[in-house]
Amino acid sequence: MRLVSRALTAALAAVALAAGAAHALPTAESIPGAPPGASEERLPNGWRIADGELLWSSPEPVGMGGALVEFRSGERTLGVPEATPDHRTFRLRIDRARVGPVSELQVVAGSRRLDAAGAHPAPDQRRAPVPATPPVPLPTNPVDPGVPGKYRTTSGEYALKSVRLPGYQHPVEMRATVVGPTDAPGKRPLALFLHGRHTTCYEPGTDEANIRWPCPTGQKAIPSYRGYLHDQKHLASQGYVTVSISANGVNGQDGWKADAGAQARSSLVRQHLARWAEWGAKPAKAPGAVRAMDGVDLSKVLLVGHSRGGEGVNRAALDSVYPPPRAEDGARAPVSWRIRGTVLIGPTIFGQNPTPDVPSMTVLPGCDGDMNDLQGQMYLDASRGIGRGTALHSAVYMVGANHNYFNTEWTPGQAEAPAHDDVWGDEDPVCSAGAGTRLSAKQQQTAGTTYIAAAARLFLAGDDRVRPLLDGSGRRAASAGPARVLTHAVGGNRTAAILPDTPLSVTNGRVCQQVSPRADQACIQRSEPGRSPHFAPWEYTDDEPGRNAVRADWDKPGTPVKLTPKRAFSLAGSDALALRVIVPPDISGTRLDIAVTDTSGKRVTLGQAEVDGLPGPGGTASYWARELRVPLKAAAAAGLDLKQIRSLELTPRGTSGKLWLMDAWGWRPGTPAVRPVSLPRVDVDLKTVKEGDSGTRTHRVNVRATGKGTGVIKLGVIDPNSDWSTVRTVKVQASGSVSVPITVRGNRTFDDDVHHPVVAKAVRGTVVGGAIGGVLAENDDPMPVISVDPVVDSVAEGGKLTWQVRLSAPADTYFLTRFVFRSTGGGPELSTKDVDPQWLAQLGVSADPERPLSGAELWSPILPGETSLEVSVPTIADALNEPEESLRMQLGVLQLDDSWSEGPTVTGKVRDPGQS
């Protein structure tokens, strides 16, 4: 993966918008790896190829949120493209990548198709409209955490000196808003909120917003940290002290970070917690807003993170138990707090490495237009088998909720800065504005407050009466209003029965691979509409062995699906058998008879369960598991040996259908105490080397384990030229390391730095912190010298002024040139009416009203391997008698530090036809 500068990649995309301009673009090129004859003209609507770049343009700006925008060929990721400043055009260098059939090109964010080919589902992918009759509401839970508490509250803000974080050029702000009780007894639990990646700066009075830091002159910082005041006030009324911290300084600088800013966000969270610890020891030093409220008990801390803030607080929880490498940590104060739980709202989890022994609640917004793949599901699924298994990990699927509205500062009509609804399109029967299932901003915020309060009450206060709202018991909170909220969970008082990742024999079904390009192995084939949060891909991989589910398809009732693990399992001590089962969206009334057989051969039918699919058209991630429970009373009464269960049977009673079984557990009520187990922590080194002048060199990347014990991880190695990955499973031991060889090829040609990624994921008995490392091969060749000479610098009207830009040597990367039109300083100056209007429009300049060209900019790239470029200004003839007109342009070249050099100035003259 080439680490081209952000300014260069954005500028190249902007240049590409000028398709057809004589000064910028060559003729259509063939696409590497595409069928013979494939060229720009055959690309799908909205796509084009120019200058060795694959480009896609959107008619509307693509929202800047937590999800990574990716180019794909079918199900294979080609790479992460760069966006123009207006986020309408995205580009990806493809000179070495294998693209494949052009008809399979896709641009996605999460799992949401952004390109025209995927904007509307094909006829066979459209789902029937959501039934007019809503489902029967779930029973109401007796205890409702959405009811406001009895305590008086106060609020305020604090702003401390900014902090420097490793790898970030500019300091990051230490700013927060606090809300807490004033009359609650004793020291109070603390809830800390962290917003996600959003635009950081805006220009008041306009719709202009961007992700930069610090904010440019004349712009204001967007106060995303104030967007959870409604949640904070509610929790404060119930006796919790709350603080919501600002992270614009991370958002504005994390674009090129391998971990998407997770470690920086963790450091920022722990920097704030360290300050609260200091203020607890010396209250007089606390800011006034903090002194005005009740004291804090840092042995009871809840972290709440939204979008990339979710991954940030997950990392902070992990770093608080398993210390990160010192060189990468921006918060080295002693840990004097204990994280009792996390709330993760529409979160990212790019590395798929949750904190196993810290309870969590993950909110999955059913209409999330940013994290559309709902990858936050991995905070549950990827936690299985890693720690003790007693921490409850809950998924809360909120039908009709989008990504942004949980934060009022991201909500139109409530935000100080420009904001938008992240749901795309107006034809979605579930998610479009006005759809019966879509929640309003206020309804979504109310429901979010209720479930955040439920997590606080369970994780901090230990009130087991709210657990049925979170653990798949099928209860609802009346205070959540019309929101339809569904839940399931892993951990807690569950014991493993069947996990398809372990050896398993299946009759009338098959063990399927959750992430696989092969149709005969994949759980959901590419030809099937829709996606599953459970099957979200890991990092850059499109093939992940050992991550499985069970799929069964039937075309007649009574076909039993029998699952027999290699070893018998125990249900002793459990009240029920709990299963997480997926059926397709908009399918209702799938009935299953559930039976178990012990090792003696005795078989007992436990009962029948019914499962409904979620509402959702083909483009949503609505293949989501529902939790089914059947009591074990019948088995006990029949004398079944619950300690030795040999097999499980699911017998569908419908005429046809399909299902996926994620796992099965013995379940009993209650919330057990959670004690983190001592596990080794794994971090992947990022090794920086010089590429060298010739030949190849093999460098060793260390995957280090610290702490205590042994564990198992998956290691993925990605080829930066093709983005193909290889995945293997390895054992790690504390104080040891695994060495991964990476080969770097040297040359004497100037190029970009190249990242050779190595990624890690926990499988069993370990945690992973720094999941992305590898080798960064730095260019060590001098930048070629650039010059400019006139080709034709004096023409009659209708002629073309032309200059040639030269490099002293070829390069393996782009050189971006910029000619800035300057004032001639006297005499007639060429105007916007003297040049080709189409050419002018491609520079982003209108011909009207007529004005001098000075101030306009003409950008052009010199392509890799080439040493020259012709830059032209096409003029037009008119019927006016005019004196000789002129222009003056100054050459600039984009430097490695994203600054522009100031090069020579050139001039050109234009005369009326017939003048000598």
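Helices and strands here are DSSP runs, with at least four residues of H or I for a helix and at least two of E for a strand, numbered from the N terminus. With that in place, I begin with Asp 812, which sits in the loop between strand S43 (800–807) and strand S44 (815–822).

Before I continue, a word on the basis of this talk. This is a predicted model, in which local features need pLDDT of at least 70 and side-chain atom pairs count only at pLDDT 80 or more, while totals for chains, interfaces and linings use all residues. Residues are numbered from 1 along each chain as its sequence is written, and side-chain values use heavy atoms, with hydrogens and water left out.

Asp 812 counts as partly exposed because its relative accessible area is 21%. Its side chain is joined to that of Asn 747 by a polar contact of 3.3 Å. A polar contact is a pair of N or O atoms within 3.5 Å; within protein, one must be able to donate a hydrogen and the other to accept it, and residues adjacent in sequence count only if both atoms are side-chain atoms. The C-alpha atom of Asp 812 is also 8.3 Å from that of Leu 863, although 51 residues separate the two along the chain.

I turn now to helix H3, residues 229–237. Its buried residues are Asp 231, Gln 232, His 234, Leu 235, Ala 236 and Ser 237. What do these residues pack against? Their partners are strand S9 (153–163), strand S10 (172–181), strand S11 (188–194), S15 and helix H9 (441–459), where contact means heavy atoms within 4.5 Å. After H3 comes Gly 239, with a positive phi near 105 degrees.

Gln 232 belongs to H3, and Thr 242 belongs to strand S15, residues 241–245. Gln 232 is classed as buried because its relative accessibility is 0%, and Thr 242 is likewise buried, at 0%. Their side chains are joined by a polar contact of 3.0 Å. The side chain of Thr 242 also has a polar atom 2.8 Å from the backbone oxygen of Val 179. Leaving aside residues up to four places away in sequence, Thr 242 touches several others, including Leu 190, Ala 191 and Phe 193.

Next, strand S35, residues 710–718. Seven of its nine residues are buried. Which strands does S35 pair with? Two strands pair if DSSP finds at least two bridges between them. Nine bridges join S35 to the antiparallel strand S36 (residues 725–733), and Val 712 has Lys 731 as its bridge partner there. These two strands form a hairpin with six residues between them, and Asp 723 in the turn has a positive phi of about 65 degrees. Six bridges join S35 to strand S38 (residues 754–764), also antiparallel, with Leu 715 partnered by Ala 760.

Finally, a charge over a ring. The criterion is that NZ of Lys or CZ of Arg lies within 6 Å of the ring centre and within 35 degrees of the ring normal. Arg 629 lies over the face of Trp 667, at 3.9 Å from the ring centre. Arg 818 is placed over the face of Trp 900, at 4.2 Å.

Notes
Buried means under 20% relative accessible area, exposed over 50%, partly exposed in between (1.4 Å probe, protein chains only).
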